[in-house]
Amino acid sequence: MQLLAPGSWLLDEALTRYLPGTSNILAVQRRFTRFGTWPDRDDDVLEFVFRTPPGTARPDRLPQTTTLQRALVRHLRADRHWRMVHGWTPLAPGEGA
């Protein structure tokens, strides 16, 4: 049996450039095999992490208290985008049923 993940920016491989290998986010990523198209979703990321309404965030004014916040801002300042990524992971028998 497989578990399909709904699209999530948390599966964006770009996070591997910014987060330490011991990061819980990266541990979750390693469980999934990515697939599908990956549209830009900067507003989704900014709304989730910084609680900013879509289209209103200014990277130079966002808090950078956590490693994740610093990574998100650094990526956007480099004129890169966060992507929505789909993935799947195998489940052990009885899991997710």
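From the N terminus on, the elements of the protein follow the order β-α-β-α-α-β, which comes to three helices and three strands, where helices (H or I, at least four residues) and strands (E, at least two) are DSSP runs numbered from the N terminus. This is a predicted model, in which local features need pLDDT of at least 70 and side-chain atom pairs count only at pLDDT 80 or more, while totals for chains, interfaces and linings use all residues. Residues are numbered from 1 along each chain as its sequence is written, and side-chain values use heavy atoms, with hydrogens and water left out.

**Overall fold**

- Taken along the principal axes, the C-alpha atoms of the protein fill a box of roughly 45 × 25 × 20 Å.
- Of the 97 residues in the protein, 34% are buried, a term that stands for under 20% relative accessible area, with exposed being over 50% and partly exposed in between (1.4 Å probe, protein chains only).
- Among contacts (heavy atoms within 4.5 Å) between residues at least 6 apart in sequence, 66% join residues at least 24 apart.

**Packing of H2 on H3**

- Helix H2 (residues 42–50) and helix H3 (residues 67–77) pack at an angle of about 150°, and their axes are 11 Å apart; the axes are lines fitted to C-alpha atoms, for helices over the stretch in contact, and angles run from 0 to 180 degrees between N-to-C directions.
- That angle makes H2 roughly antiparallel to H3, since angles under 35 degrees count as roughly parallel, over 145 as roughly antiparallel, 65 to 115 as roughly perpendicular and the rest as oblique.
- On the H2 side the contact is made by Asp42, Val45, Leu46, Val49 and Phe50, and on the H3 side by Leu68, Gln69, Leu72, Val73 and Leu76.
- These contact residues divide into eight nonpolar, one polar and one charged, where Ala, Val, Leu, Ile, Met, Phe, Trp, Tyr, Cys and Pro count as nonpolar, Asp, Glu, Lys and Arg as charged, and the others, Gly among them, as polar.
- Within H3, the residues Leu68, Gln69, Ala71, Leu72, Val73, His75 and Leu76 are buried, and what covers the buried residues of H3 includes helix H1 (24–30) and H2.

**Loop residues with positive phi**

- Arg51, found in the loop between H2 and H3, has a phi near 60°, a positive value in a residue other than glycine, and Arg51 is exposed, with a relative accessible area of 62%.
- Asp79, found in the loop between H3 and strand S3 (85–90), has a positive phi of about 65° although it is not a glycine, and Asp79 is likewise exposed, with a relative accessible area of 65%.

**Strands S2 and S3**

- Strand S2 (residues 33–35) and S3 pair in the antiparallel sense over three bridges, pairing being assigned if DSSP finds at least two bridges between two strands.
- Thr33, which lies in strand S2, stands opposite Trp88 in S3; Thr33 and Trp88 are 55 residues apart in sequence and 5.3 Å apart in space, C-alpha to C-alpha.
- Leaving aside neighbours within four places in sequence, Thr33 is in contact with His86, Gly87 and Trp88, and Thr33 is partly exposed, with a relative accessible area of 37%.
- In a regular strand the side chains alternate between the two faces of the sheet.
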